[in-house]
Amino acid sequence: MRRPFVAGNWKMNLTLSQGQALAQAIAAECREGESVDVAVCPAAPYLLPIREAIAGSGVQLGAQNAYFAAPGAFTGEIALDMLLDVGCQWVILGHSERRQYFGDTDALINKKLLAARAKGLGVIFCVGELLAERQENRTEAVLETQMSGGLANVDAGLMDGVVIAYEPVWAIGTGVTASPDQAEAAHLYLRNWLRSQYNDTVADNMRIQYGGSVKPDNAAELLSQPNVDGALVGGASLKADQFLPIIRAARGIVK
Ligand code: PGA
C-alpha cells in the first residue's frame, strides 16, 4: 500500500516571516495521523525556524540539496549530517534546476543519494525529460539513463527511503502540466523499471510523485492516476490557499 506524499518545494523563494506564516497554516491543517504524508522544503537558512513552525504537526521537513562529503572544507556546501541535525527527514536530489544550472550530473546525484540513504535520510529523487527529448520520443531513454545513473549501487534495502519525483522539465514553472495520461505513462514506465531492476516489493511500494505545474484545479485528476502517488509542488506550494487544496485532493487516495 502506498501512502500519498505531497511535498512543497519552495525553491529560492519567500522571506522568513512569509515562510513561517505559510508553514503554520499548513501545520494547522495537517495534524499527526494525517492520511497523507506532507513535507515542506524551505531554503536552507530557514530550515530551523520552519521546523519550529511545524513542530507537533504532521508536517515533515525537507531540504532542497546537500553535499555527499562528511563535514569539512567545502565552502558553501551543506552536509547531510547538518540536515539531520536540524531535523530534516527528506532531501530533494536531482531536481532539474540543479541539473540545469548547477551541474548536478547523474554521477554526482548518485553520490549524494548513496550518502543520504547511508545516513538514513529520505530522498526525493527527481527525474524528467526536456521538451526536445519528449518531442524526439526519447522520454523513456532519458528516464532510463537518469534512473540507472542516479540509483547505481543503491540496493533494494536502501530503496525504502527513496521517493521518485517524475518532473517533466517542460512542465516545471511553465503552467503547462503533463496530461494525466502522459504522467501515468511515465510513472508506469518508472514502476516497471523498478520491477525489472529491483523486485516487486520495491516497485509496488515505491511512491512516485508527479511534479510540474500541479495546481488545485489539476491535482485531483493527476493524483487519481493508478501510478501517481503524490505531488512535488513548486509555485503552488508558496501559498496556503493553493497548497492545502492539493493536500486535500490527496486525502483518501489509497493505492
Ligand atoms: P512547479 O515546480 O510546481 O512550479 O512547476 C515543480 C518543481 O520544480 O518541483
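These legends describe close-up views of a predicted model.

**View 1. Residues around the ligand.** The ligand is surrounded by 13 residues, and the closest are K11, H95, E167, G173 and S213. Sorted by class, this shell holds 4 nonpolar, 7 polar and 2 charged residues.

View 2. G173 places a backbone N or O atom 2.7 Å from an oxygen atom of the ligand. A polar backbone atom of S213 is likewise 2.7 Å from an oxygen atom of the ligand. For G235, a polar backbone atom and an oxygen atom of the ligand are 2.8 Å apart. The ligand taken alone exposes 280 Å², of which the protein buries 97%. G173 and S213, seen here through their backbone atoms, are also listed among the residues closest to the ligand.

**View 3. Strand β2 and its two faces.** Strand β2 spans residues 37–41 and is mostly covered, with 5 of its 5 residues buried.

**View 4. Pairing of β1 with β2.** Strand β1 (residues 5–9) runs parallel to β2, and the two pair over 5 bridges. Within this pair, G8 stands opposite V40 of β2.

**View 5. Pairing of β2 with β3.** Strand β3 (residues 59–63) and β2 pair in the parallel sense over 3 bridges. V38 has V59 in β3 as its bridge partner. The chain reaches β3 from β2 by way of helix α2 (residues 47–54), in a β-α-β crossover that is right-handed.

View 6. M12 belongs to the loop between β1 and α1. M12 counts as exposed because its relative accessibility is 81%, and the cut-off for exposed is over 50%. The C-alpha atoms of M12 and A44 are 9.2 Å apart in space, while the two residues are 32 residues apart in sequence.

Notes. Residues are numbered from 1 along each chain as its sequence is written. This is a predicted model: local features need pLDDT of at least 70, side-chain atom pairs count only at pLDDT 80 or more; totals for chains, interfaces and linings use all residues. Side-chain values use heavy atoms; hydrogens and water are left out. A residue is near a molecule or strand if one of its heavy atoms lies within 4 Å of it. A polar contact is a pair of N or O atoms within 3.5 Å; within protein, one must be able to donate a hydrogen and the other to accept it, and residues adjacent in sequence count only if both atoms are side-chain atoms. Accessible areas come from the Shrake-Rupley method with a 1.4 Å probe; for residues, only the protein chains shown count as cover. Ala, Val, Leu, Ile, Met, Phe, Trp, Tyr, Cys and Pro count as nonpolar, Asp, Glu, Lys and Arg as charged, and the others, Gly among them, as polar. Buried means under 20% relative accessible area, exposed over 50%, partly exposed in between (1.4 Å probe, protein chains only). Helices (H or I, at least four residues) and strands (E, at least two) are DSSP runs, numbered from the N terminus. Two strands pair if DSSP finds at least two bridges between them. A crossover is right-handed if, with the strands pointing away from the viewer, the path from the first strand over the helix to the second runs clockwise.
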